[in-house]
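Subject: Structure for you to look at

Dear colleague,

Here is the structure that I promised to pass on to you, and below it you will find my notes on what was found in it. Please keep it open while you read, so that you can look up each place as it comes.

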Amino acid sequence: MLFRFVTVLTRPQKEAIFLSLDLFVAVGAFMLSLALNGDVRLAPAVVIEAAPVAGAMLIVGAGLSIVMGLPKIKLNAYETRGIVLTAFFAVMVGASGAAIDLVAGRPVPVEVFVIFTFLYLVFCAGWRILLRQWLLDIYRRGHQHIRLLVYGAGRTGQQLVAALKSDYDAHPVAFIDDNPTLQSLRISGLPVYASSQIKNLVAEKRIDRVILAMPSISQPKLAQIAHSLRQIGCEVHALPSFAELVGKGGMRERPKTVSLDDLLGRNRLESELPGVSHAYSDRRILVTGAGGSIGSELCRQIIACKPHCVVLLDHSEHALYTIEKELREISRGPKIVPILGSVLDDETVRRVIAENGIDVILHAAAYKHVPLVECNALPGLKNNVLGTRIMGEAARDGGVERFILVSSDKAVRPTNVMGASKRLAELVIQDLATRSEHTRFSMVRFGNVLGSSGSVIPLFKEQIERGGPVTLTDPNVTRYFMTISEAARLVCLAGSFARGGDVFVLDMGKPVPIKRLARQMIEGAGHSVKDDQNPDGDIEIKVTGLRPGEKLHEELLISSDMLTTPHPKILRAQEGYLSEIEMATAMKDLRHAIATLDEKLARDVILRWVERAEDDAHDARESASR
């Protein structure tokens, strides 16, 4: 009820109430000053004799208050300046009373007006401060507010609490500080606790958010504290110093973003790769894995070619919804058909191809995370190999003109199940290419894609934001990198260059040392690397050891035979493949292994039919036996 009352009052009504309170306390202060003066005996006759003077003082006080704008001062802005103005107002009212008394023949001693001035100042300032606190409590009870725990009782923390004293949307409850000399004290009216008590405080005081008010400590240390606090279950925010917010001493230099050219080890090739609109204009395109990193970029570039229809196939509902929504927003021309399903569903795949009259299939659906597939070999082989077989055969039987498989450099002499599954998928496509009369099958092989899900760049970025350490499997690891747009453009170009059974690769320059990449990202984020040469650095690079099946160095080609294409930056390799009988045997054994959940048999299929490089591999079975 009180909250409703104070919120419906208009500004003129509030000013009238403030003026009335000033006049009311003036009467009280005058009566009390008469009582406190030893030369005056407080009797009805004395009060009656002083009443005209008091009345005149009230009239003068009301006028002065309006002229000085005292009722217009907002209560939540009533601080030192308001008290100074109130003091000046009290002196003026007291002096006016003494002057009126002098003109009236001094019925009241002058000492009474001196006492009145001091009392009036205390009363006027006091009721405002008390009313402000009372109204803040009313607002906070009737209005949803955030309860804050301020980590850091130094200057920035105190400034924050002072700024929020008059705010009813946020309410500081207590300080947290690691300095033992401050703990158990009260600073800015709030108790100070040790960091070990945070968990209990959050529960007992219903804390909604922790504010880190320690701008002087290093960013990695701040990130570490924030990461540990988030485990408690409340929001954590970091606050810069107020001096930094206004740029004291010049704005701080922002960390320079690491150049993509530095990460790639070469210049980007988007501008050098030709357009492909002619190959996809007015065509019916099916993209598998359409919601993934590569699949979604393929969809964006295909949409720009103005196809007749784009069919999006993905087994993830959220990923499919996201890419469909984005494509509908950026283009209203081509027909977009979302299909929620798996590449392992032969019936669905064939129905989709037939109903939509598909001309081109871009097959990007695959499990690609090396450690996960290593631990889940059978699902990985089933999805990546059998799924590719189902898609390829459906494309051939459905009269699809072109089929492009998105492959990986990990398929070259693989040392892990994921790479072996991609190489087997390539062999499946090569086998289909030798026996296909109408469908042209091709493959595109490239290295790590910057920014794709599960890649090293987002991982390093997350670790740096947490304050480190940045984990590195081996100091000598190198990888090829390309951008998502380069990868998607290369896949699209492969379809226009394909003759049948081709493996296309992009001239990706020299492989990039991952240790150098980690250092560049740390320094690019504005931190220093903590190592033997710099023990006081911010973030450490920690070597964890090669993971099962991981290589030190990836390759792009199995053989050294390279053929040219219409573009100098795109190369074509004619690599060996299995005979029809060998491929049928491999598929039969693999299907049997998956059907009987025989992982050993599945790995034997890999060992028998896939070229391997054992020299620099980290053998999964060897590591498991240690």
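The axes of helix H17 (residues 417–434) and helix H22 (residues 599–609) come within 11 Å and cross at roughly 60°. Please bear in mind, here and throughout, that this is a predicted model. An angle from 65 to 115 degrees would count as roughly perpendicular and one under 35 degrees as roughly parallel, and H17 and H22 are therefore oblique to each other. The crossing in which H17 passes H22 is left-handed. On the H17 side the residues that take part are Val417, Ala420, Leu424 and Leu427, and they meet Arg603, Ile606 and Trp609 of H22. Sorted by class, this contact between H17 and H22 has six nonpolar residues, one charged residue and no polar ones.

H22 also meets helix H16 (residues 377–397), and here the axes come within 10 Å and cross at roughly 50°. H16 and H22 are therefore oblique to each other, and H16, too, passes H22 in a left-handed crossing. If you look for the residues involved, you will find Ala377, Leu378 and Leu381 in H16, which meet Glu599, Ala602, Arg603 and Ile606 in H22. By class, the contact of H16 with H22 has five nonpolar and two charged residues, again with no polar ones.

Next, please turn to a sheet with helices packed on it. Three strands form this open sheet in the order E14-E20-E19, and the pairing is parallel. Its edge strands, each of which pairs on one side only, are strand E14 (470–472) and strand E19 (529–530). Strand E20 (residues 539–543) runs parallel to E14 and is joined to E14 by three bridges, and within this pair Thr471 has Lys542 in E20 as its bridge partner. Helix H18 (residues 456–465) packs on the sheet, where it touches E14 and E20, and the direction of H18 makes about 140° with that of E14. Helix H20 (residues 514–524), for its part, lies across E14, E19 and E20 and runs at about 160° to E20.

Strand E1 (residues 146–151) and strand E2 run parallel and are joined by six bridges, with Arg147 standing opposite His171 in E2. How many of the residues of strand E2 (residues 170–176) are buried? Six of its seven residues are, so that this strand is mostly covered. E2 is also joined to strand E4 (residues 190–193), which runs parallel to E2, by two bridges. In this pairing Phe175 stands opposite Val192 in E4, while the bridge partner of Ile176 in E4 is Tyr193.

E4 has a further link, to strand E3 (residues 186–187), and in this case the two strands run antiparallel and are joined by two bridges. The bridge partner of Ile187 in E4 is Leu190. E3 and E4 make a hairpin with two residues between the strands, and in this hairpin Ser188 takes a positive phi near 55°.

Is Leu121 buried, partly exposed or exposed? Its relative accessible area is 24%, and buried would mean under 20% and exposed over 50%, so Leu121 is partly exposed. Leaving aside residues up to four places away in sequence, Leu121 touches Ile83, Thr86, Ala87 and Ala90. The C-alpha atoms of Leu121 and Val84 are separated by 9.5 Å, although the two residues are 37 apart along the chain.

Finally, some figures for the whole protein. There are 23 helices and 22 strands, and of the 626 residues, 48% count as buried. Among contacts between residues at least 6 apart in sequence, 77% join residues at least 24 apart.

With best wishes

Terms used. Residues numbered from 1 in each chain as written. Predicted model: local features only at pLDDT ≥ 70, side-chain atom pairs only at ≥ 80, totals over all residues. Heavy atoms only, no water. Buried < 20%, exposed > 50% of the residue type's maximum accessible area, 1.4 Å probe, protein only. Contact = heavy atoms within 4.5 Å. Axes fitted to C-alpha atoms, helices over the stretch in contact; angles between N-to-C directions. Helix = DSSP H or I, 4+ residues; strand = E, 2+ residues; numbered from the N terminus. Parallel < 35°, antiparallel > 145°, perpendicular 65-115°, else oblique. Left-handed = near helix turned anticlockwise from the far one by under 90°. Nonpolar A, V, L, I, M, F, W, Y, C, P; charged D, E, K, R; others polar. Pairing = 2+ DSSP bridges.
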